Amino acid sequence: MNFIEELQWRGMIHDMMPGVEKQLAKEMSSAYVGFDPTADSLHIGHLVGIMMLKHFQDAGHKPIVLLGGATGMIGDPSGKSQERNLLDEKTLRHNEASIKAQMRKFLDFDAKTENSAELVNNYDWMKDFSFLGFIRDVGKHITVNYMMAKDSVKKRLSAESSEGMSFTEFTYQLVQGYDFLHLYKEKNCKLQMGGSDQWGNITTGTEMIRKMEQGEAFAVTCPLIKKADGTKFGKTESGNIWLDPKKTSPYKFYQFWLNASDEDMSNFIKIFSTKGKEEIEALEKEHNEAPHLRTLQKALAEELTVRVHSQEALDMALKATSILFGKSTTEELKSIDEDTLLSVFEGVPQVTISKSDLDKTENITDFLSELTQQVIFPSKGEARKMIKGGGVSINKEKVLDANAPVEISLLQDKYILVQRGKKNYFLVTVG
RNA sequence: GGGGGAAUACCAAAGCGGCCAACUGGGGCGGACUGUAAAUCCGCUGUCUACGACUUCACAGGUUCGAAUCCUGUUUCCCCCA
């Protein structure tokens, strides 16, 4: 199966220029995908582009990661994004290093072969470009008529958009197009890939290469990911799902994939998994026979957690999952070590109380409200009400009587795990 | 400018002068079930130092042993006629 066939069955091709397959068959080729280095971490929205490069490298070609240090400052009108902030160079380099480290999980940058992956930053060749130089050498070759014909531009100029479009944004496609030209000249890169919204920007690049170098270059775009329920992919209530464990814990990362809906899953598995066709089809079959087991979700969640984080991180996530959602017991809770406990409940509201206060406390209700500084319940009334409704558990054991005395065995000699409802956890530290 | 009507909890919407902390529906929060889903079913939903106490029905007064309910004024909103 060649690269294009591979992407095709995975549903990752939205559009491509004629002749791509011929080019790829002819020689080892280079292709690039652009990423914004606006943060020091990638998020899962970037994963599609990365996977394209991954498959490209697996097919024996050379993937190039282009960081838009320069273009990111301008703002792509395709996404009707706001004007961007200028990143200072120090931040840019920091982000670049972090992103490269994450890219390493997917792409091989150290291969001894000629198709080793490479990372470039367009800031490096754009920063010294003078305005005069740019409009003379680049702007001369592309007509405004051509630029205005792009959908992304038309939309901004039409009555629908109230904001108008700055000249800066208008020139975006030239700058991005120039990247392609630059890579074509410097690295013999003949293919740019990206989301389908990038089509217009990519073709500006191929146009430049045709006019200025009389060369031939190609574009391949993949469909933008759509979720079955219409909501945006990659976001949760708490924001983006980042690849950086400091921004999104491996546990949350794992949970994100595990929670994907069945309808989305048949697309996701093909896009985000490196598993082959047969294996995926077998998994799908298994999944359809017993949908409640969510075979696909588990398979993908595990694969990606290990790839992006590590096997240890996955083990931790699985353990956390079983504690939070499984029918785990007090015994199980006691069995895990302090580090695991703390990382599982990282981000959960915490309260510290003193041992003597705990001993003085008359009943459970007081403990849940006053003693814990109203963090768990704002008043005794609420605590009582919730206990009556069977909604409070301490160390995984349901509290039945609101007036019961406080007799709690501490986890690791200093923690108490309180659950309000099914999903709200509180960690009380007795110090 | 003249006439009529309305105002109740997060929203909607009931409420013979005592049985009203106020029917019901939605939402929210819990519970059971389940696949950490959907559907379904059940409970809670003014506050609290809780078998009781306190503060509520636009606002301010009044009638009454007793007012969300009757009266007066104020404010806001809606409708109709100019």
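Sugar and phosphate make up 54% of the RNA strand B atoms that come within 4 Å of the protein. Do keep in mind that this is a predicted model.

- His292 places a backbone N or O atom 3.0 Å from a sugar or linking oxygen of RNA strand B.
- For Gly389, a backbone N or O atom is 3.3 Å from a sugar or linking oxygen of the RNA strand.
- Asn424 uses its side chain: a polar atom there lies 3.2 Å from a phosphate oxygen of RNA strand B.

**What builds the RNA surface**

- Helix H13 (250-258), helix H17 (311-325) and helix H22 (380-388) are the elements that give two or more residues to the surface near RNA strand B.
- H22 gives the most, with five residues.
- By type, the residues of this surface divide into 11 polar, eight charged and three nonpolar.

**Helix H12**

- H12 covers residues 199-213, and its 15 residues reach 21 Å from first C-alpha to last, close to the 21 Å expected at 1.5 Å a residue.
- Its buried residues are Asn201, Ile202, Thr203, Thr204, Gly205, Thr206, Glu207, Met208, Ile209 and Met212.
- Covering these buried residues are, among others, helices H7 (131-137), H8 (144-148) and H11 (172-187), along with strands S5 (189-195) and S6 (218-222).
- Just after H12 comes Gln214, with a positive phi of about 50 degrees.

Definitions and conventions. Residues are numbered from 1 along each chain as its sequence is written. Chains are lettered from A and ligands numbered from 1 in the order in which they are written. This is a predicted model: local features need pLDDT of at least 70, side-chain atom pairs count only at pLDDT 80 or more; totals for chains, interfaces and linings use all residues. Side-chain values use heavy atoms; hydrogens and water are left out. Helices (H or I, at least four residues) and strands (E, at least two) are DSSP runs, numbered from the N terminus. The expected span of a helix is 1.5 Å times one less than its number of residues. Buried means under 20% relative accessible area, exposed over 50%, partly exposed in between (1.4 Å probe, protein chains only). Contact means heavy atoms within 4.5 Å. A residue is near a molecule or strand if one of its heavy atoms lies within 4 Å of it. A polar contact is a pair of N or O atoms within 3.5 Å; within protein, one must be able to donate a hydrogen and the other to accept it, and residues adjacent in sequence count only if both atoms are side-chain atoms. Ala, Val, Leu, Ile, Met, Phe, Trp, Tyr, Cys and Pro count as nonpolar, Asp, Glu, Lys and Arg as charged, and the others, Gly among them, as polar.
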